[in-house]
Amino acid sequence: MKKIIDFLVSDVKWLNENTYLLDLYSEEKLPEILPGNFAEIRIEKASEVLLRRPFSIHDVDYEKNIISFFIKVAGKGTSQLAKYEKGEKLNVIFPLGNFFSLPKEKDILIIGGGSGIAPLKLMGKFFKENGVKPVFLIGGRTENDIFLVDELNNYGEVFITTEDGSLGEKGLVTQHPVFNSDNFKYKKIYTCGPEPMMKAIAKFASKNDIDCEVSLENTMACGIGACLCCVVETKEGNKCVCTEGPVFNIKDLKWQI
Ligand SMILES: Cc1cc2nc3c(=O)[nH]c(=O)nc-3n(C[C@H](O)[C@H](O)[C@H](O)COP(=O)(O)OP(=O)(O)OC[C@H]3O[C@@H](n4cnc5c(N)ncnc54)[C@H](O)[C@@H]3O)c2cc1C
Ligand code: FES
């Protein structure tokens, strides 16, 4: 059930010079949050940022009433958000959007890149609770962009690619040896990250007839299906990513891949 809550900042932890974890505490009991759900945060400190900003929910601690976000600085909103101090208030609408489906298949590959690794921890937790042990593949430009390896290791094996080869296999995620189509063993792929990465994965999945879900990060304004600025073309017409996504099965999208 969707809620609007004034959270209190409980921690802001920088992971590198442009990436941080934001933990928010609520006095109210948190509703159920599923992997892929996102929140719209109002950033009052950035007076020129009028619209709320959307972020995937990275983790939830129902006992402590804390939700966490994994955030990369992209502009004014995300840089001001990092300046909130412990105890300051942030107004949040959540949980929004749909979520990644629980797989029926056994061999699962979850791929994340950039800020798209944000929902992977919650996916790992949720899948583990439901007896699914996925393999994760995370990609970045350099080792400085690779995060959450230890956390994700709690839920499944983690493979890494970096474009400069500073950590894991050298190259893009789709150049990792798991993508060798002669012995590709995964029956379902989930992915979240930059659109070119997701399109390359979708192309491989379509060609090899593998079920694939993607989480889109289209620019959003209202977040409630009113402004139509986040639409994506699907086989059933245009759909709002904020209300009918962000997760879509690639077989429903009209993507040029
Ligand atoms: C469903 C969803 C989940 C997301 N999850 C995460 C996450 O977990 N972690 C994370 O770091 N980022 C996430 N993003 C992206 C994040 O919302 C943008 O980086 C953020 O809104 C940029 O705000 P800004 O004021 O810092 O940047 P701006 O100065 O406004 O713009 C900088 C860049 O961010 C893009 N952008 C601006 N506003 C939005 C917006 N409202 N929606 C989407 N993109 C925007 C612009 O196209 C521009 O390229 C998500 C986006 C969506 C749609
Ligand atoms: S953000 Fe306004 S319709 Fe999706």
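Reader: What separation lies between the centres of domain 1 and domain 2?

Author: 22 Å, taken over C-alpha atoms. This is a predicted model: local features need pLDDT of at least 70, side-chain atom pairs count only at pLDDT 80 or more, and totals for chains, interfaces and linings use all residues. Residues are numbered from 1 along each chain as its sequence is written, while chains are lettered from A and ligands numbered from 1 in the order in which they are written.

Reader: What makes these stretches domains?

Author: An automatic or database domain assignment sets the bounds. Here domain 1 is 3–96 and domain 2 is 108–252.

Reader: How many residues of each domain take part in the contact?

Author: Domain 1 gives 21 residues and domain 2 gives 18 residues. Two residues count as in contact if their C-beta atoms, placed from the backbone, lie within 7 Å.

Reader: Which elements of domain 1 give two or more residues to that side?

Author: Strands E1 (3–16), E3 (38–42), E4 (53–56), E5 (59–61), E6 (66–72) and E7 (89–96). A strand is a DSSP run (E, at least two residues), numbered from the N terminus. The largest share, 3 residues, comes from E6.

Reader: What classes of residue make up the side of domain 1 that touches domain 2?

Author: There are 12 nonpolar, 5 polar and 4 charged residues. Ala, Val, Leu, Ile, Met, Phe, Trp, Tyr, Cys and Pro count as nonpolar; Asp, Glu, Lys and Arg are charged; the others, Gly among them, are polar.

Reader: What is the strand order in the open sheet?

Author: The 7 strands run E4-E3-E7-E1-E2-E6-E5, with antiparallel pairing.

Reader: Why do E4 and E5 stand at the edges?

Author: Each has a single partner strand, so one side of each is left without a neighbour in the sheet. Neighbouring strands are turned by 35° against each other on average, direction ignored. Axes here are lines fitted to C-alpha atoms, and angles run from 0 to 180 degrees between N-to-C directions.

Reader: Why are E1 and E2 called a pair?

Author: Two strands pair if DSSP finds at least two bridges between them. E1 and E2 have 7 bridges, in the antiparallel sense, so they pass the cut-off. Leu8 stands opposite Tyr25 in E2. A hairpin of 2 residues joins E1 to E2.

Reader: What pairs with E2 over 7 bridges, in the antiparallel sense, besides E1?

Author: Strand E6 pairs with E2 (residues 19–25) in this way. In E6, Phe69 is the bridge partner of Leu22, and Ile71 is that of Tyr20.

Terms used:
Helix = DSSP H or I, 4+ residues; strand = E, 2+ residues; numbered from the N terminus.
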